Amino acid sequence: MRLSRYFLPTLRETPKEAEIVSHQLMLRAGMIKQQAAGSYSWLPLGFKVLNKVVRIIEEEQNRSGAVQLLMPTVQSADLWRESGRYDAYGKEMLRLQDRHERDMLFGPTNEEMITDIFRTYVRSYKDLPLNLYHIQWKFRDEVRPRFGTMRSREFLMKDAYSFDLDEASAVKAFQRMFVAYLRTFYRMGLTGIPMRADTGPIGGDLSYEFHVLAETGESAVFLDSDLLDKPIPSIDTDFRGDLDPIFKDWTSLFAATDEMTDEATFRASVSGNKQLAARGIEVGHIFFFGTKYSKPMGAKVTGPDGKDVEVQMGSYGIGPTRLVPAIIEASHDENGIIWPVSVAPFEAVVINLKVGDATSDKAAEGIYDDLVREGIDALYDDRDMAAGGKFANADLIGIPYHLIVGPRGLKDGTVELKHRKTGERETLSIEAAVGRLKALIVPQRRDTV
RNA sequence: CGGAGUAUAGCGCAGCCUGGUAGCGCACCUGCUUCGGGAGCAGGGGGUCGAGUGUUCGAAUCACUCUACUCCGACCA
């Protein structure tokens, strides 16, 4: 992408409405624009990151055996009356009427609808296990939206729903999502820590929130610091096999939000040098709820014994529009965002310091073309402006690698490579630059590990 | 939903107290000079001062009402 033809409205000053750093940086980097309280347009740069986050979620959901579909945003109230939630949900649900004065709603979640789909088509235990997911916009009329897209009213959510014949197989479905989530967050450059969460009236222990540690997190969390070093299940993980050892490994150590524990319990349960009291951003939640919807809505399959059984269900959410700011909270400095390669809007930027100078133009464009040819998602800063502004922009929008092309280096046939994260600089020959970048970038995509 | 604030150019702000031609920085446009960390000079464009009502000869400024947005709390992917 040539920057002169792109749409990147960066701001030099921080809009005053933004309180936390991710919100400030998303506005300054030209990623989002607020349209109303808790309602945002995703500008090209932000949308590109959001799509990379979504792609990773899809790949890992698919890998785990979940199957993607797409349900509507606007739902009929009738389904929600069946489950009893139309009256129970409260003012967070945005209620609408169509021209025939039928009650509708903008979906805050999709348990009812997916249960309806399931009961329409699935009749036999032989069709189980089944996990259906979609990635769709939701609306929750939050009392107080804040922190940019971290807590917006309209937000994108991946929600998966598992269907099983009995609780034992539902546990396996739960564990598949558990492992998929570990991998998903890791691939985005995050450590998503599973923490015991409230199971509500269902009970049991099959409810985990995944938290990313960050100073600005909304929840106080307590954990054993050894969790930060746990190995992530690899790409070779057999999702049809026994995942219980991985599940047990990750859940044997103490990790809970302040809603589930108190500091005294934590201090008593974890040895002193492993105690980590921090703050967390909830980026996912997996939850088993049994027959809560299948029972009132009549989602049954015929079992091997010929008798109908209400299916055991679970739901599994991830918030992509929350993950983007969460990644920024976890990875930034005073100059701007520092994107992990796997979700960076561009993997590298070629900065032409002297646009219009034949030598600089030729070298910069040549390198840019080669990068694109090599499959690198590259940006070319071909704007005719002073160097300082280009450097500042490249830092602000957080491109992992900056290839600086200017007359000073070109005299000797060299260009400079700057690592955004470390500030490290390398002087490379023009010929070596593309190869070096590729060698740095490809492993960090984390798409083969 | 309780409490507290804010609203003046795209962004950040001054002006308001003490009513009288709407300003500054950045951004934007034109020209020239520049060109390795947010360049310099010169010229220029852009405003229903959140909305409404009132007071007044005259309202960004005073009064009242409303709206939007932000922050703290309770609630949440």
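**Entry 1: the largest cavity.** I began with the lining of the largest cavity, which by class has five nonpolar, one polar and three charged residues. For these classes, Ala, Val, Leu, Ile, Met, Phe, Trp, Tyr, Cys and Pro count as nonpolar, Asp, Glu, Lys and Arg as charged, and the others, Gly among them, as polar. I listed the lining residues: Leu3, Val349, Leu379, Asp381, Arg383, Lys390, Asn393, Ala394 and Ile397. Strand E20 (378–381) and helix H12 each give two or more residues to this lining. H12 has the largest share, three residues. The cavity holds about 40 Å³ of space, and a search of the whole structure finds one cavity of 30 Å³ or more.

**Entry 2: ground rules.** I noted that this is a predicted model, where local features need pLDDT of at least 70 and side-chain atom pairs count only at pLDDT 80 or more, while totals for chains, interfaces and linings use all residues. Residues are numbered from 1 along each chain as its sequence is written, chains are lettered from A and ligands numbered from 1 in the order in which they are written, and side-chain values use heavy atoms, with hydrogens and water left out.

I also wrote down the terms. On a 1 Å grid over the protein atoms alone, a cavity is a set of points where a 1.4 Å probe fits but cannot get out; a pocket is an open set with protein on both sides within 12 Å along at least five of seven lines; lining residues have an atom within 4 Å of a point. Grid points are joined across faces, edges and corners, and a volume is the space filled by probe spheres set on the points. Helices (H or I, at least four residues) and strands (E, at least two) are DSSP runs, numbered from the N terminus.

**Entry 3: the largest pocket.** The largest pocket has a volume of about 1,300 Å³. Its lining has 47 residues, and Arg140, Met157, Glu209, Glu282 and His285 are the closest to its centre. Which element supplies the largest share of this lining? I found that strand E13 does, with eight residues. By class, I noted 17 nonpolar, 15 polar and 15 charged residues.

**Entry 4: the second largest pocket.** I found about 580 Å³ of space here. Of its 23 lining residues, Gly189, Ser331, Pro340, Lys421 and Arg446 are the closest to the centre. Domain 1 (21–71 + 110–336) and domain 2 (346–444) each give at least three residues to the lining; the domain bounds come from an automatic or database domain assignment.

**Entry 5: RNA strand B.** I looked up the 42 residues around RNA strand B, and Arg12, Arg144, Arg151, Glu282 and Glu416 come nearest. Here a residue is near if one of its heavy atoms lies within 4 Å of the strand. Glu282 was already in my notes, among the residues closest to the centre of the largest pocket. The surface near RNA strand B has 13 nonpolar, nine polar and 20 charged residues. H12 (387–396) is one of the elements that supply at least two residues, and H12 gives the most, with seven.

I then checked backbone atoms. A backbone N or O atom of Ala37 lies 2.8 Å from a phosphate oxygen of RNA strand B, and one of Gly409 lies 3.1 Å from a base oxygen.

Definitions and conventions. Polar contact = N/O pair within 3.5 Å; in protein donor to acceptor, adjacent residues only side chain to side chain.
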